[in-house]
Amino acid sequence: MKPFSGLFTPAVVLAAGLFVLPLAASAADAELVNPYAGREDIVEEGGSLLNQYCSHCHGPWAVQGERPRDLRRLNLRYGDYAMSTFYTTVQNGRPPKGMPPWKGILEDDIVWKIYTFLQSVQVED
Ligand code: HEC
């Protein structure tokens with residue numbers, strides 16, 4: 001007789017679920033590819049695109065004092081999820097907080113050039 005088997009099974013299912021969730025999130029991250037990753041020749045163009053579309057809220061060259069909008073802190077804030085957080089936030093915005101959605105307005109090409117610039121100005125602390 002196994003008195004605990006009835007309890008054990010849901011616990012295993014729950015534990016497995018807890019492991020599957022983060023894996024699913026990182027799989028989503030892996031599907032995103034910045035086509036300009038590591039391209040130093042794109043950095044300046046990306047910066048001027050940011051100046052054109054984003055700087056009235058995020059500061060010229062992303063220099064901006066308010067932390068929730070400081071795009072130099074993406075890696076620090078989000079670590080491995082910096083790229084997916086950036087991309088999702090730019091696509092969908094955060095309308096209640098004043099960040100407009102850019103889906104259908106900015107082509108991915110422009111979005112990734114901006115991201116490539118941002119990667120060149122990330123701060124360590
Ligand atoms: C009208 C003002 C405005 C414009 C224009 C704007 N943003 Fe934002 N953005 C915000 C605000 C406000 C926040 C902070 C939202 C919050 O508090 O969560 C934000 C947040 C973000 C974040 C998340 C930052 C984080 O650390 O969580 C990203 C990424 C971002 N914006 C990218 C962009 C990009 C790229 C552009 C230009 C294409 C842009 N934004 C244009 C207002 C703006």
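Modeller: From the N terminus on, the elements run α-α-α-α-α-α. The protein has 6 helices and 0 strands; both are DSSP runs numbered from the N terminus, helices being H or I with at least four residues and strands E with at least two. This is a predicted model, where local features need pLDDT of at least 70, side-chain atom pairs count only at pLDDT 80 or more, and totals for chains, interfaces and linings use all residues. Residues are numbered from 1 along each chain as its sequence is written.

Now to H2. This helix covers residues 40-53, 14 residues in all. At 1.5 Å a residue it should span 20 Å, and its end C-alpha atoms are 21 Å apart, which agrees. The expected span is 1.5 Å times one less than the number of residues.

Which residues of H2 are buried? They are Ile42, Gly46, Gly47, Leu49 and Leu50. Seen down the axis of H2, they fall within an arc of 165 degrees, so they line one face of the helix. That arc is taken from the directions from the helix axis to the C-beta atoms. Buried means 20 or more other C-beta atoms within 10 Å of the residue's own, exposed means 12 or fewer, and partly exposed lies in between, with C-beta atoms placed from the backbone. On the other side of H2, Asp41, Glu44 and Gln52 are exposed.

What do the buried residues of H2 pack against? Their partners are H3 and helix H6 (108-119). Contact here means that two C-beta atoms, placed from the backbone, lie within 7 Å.
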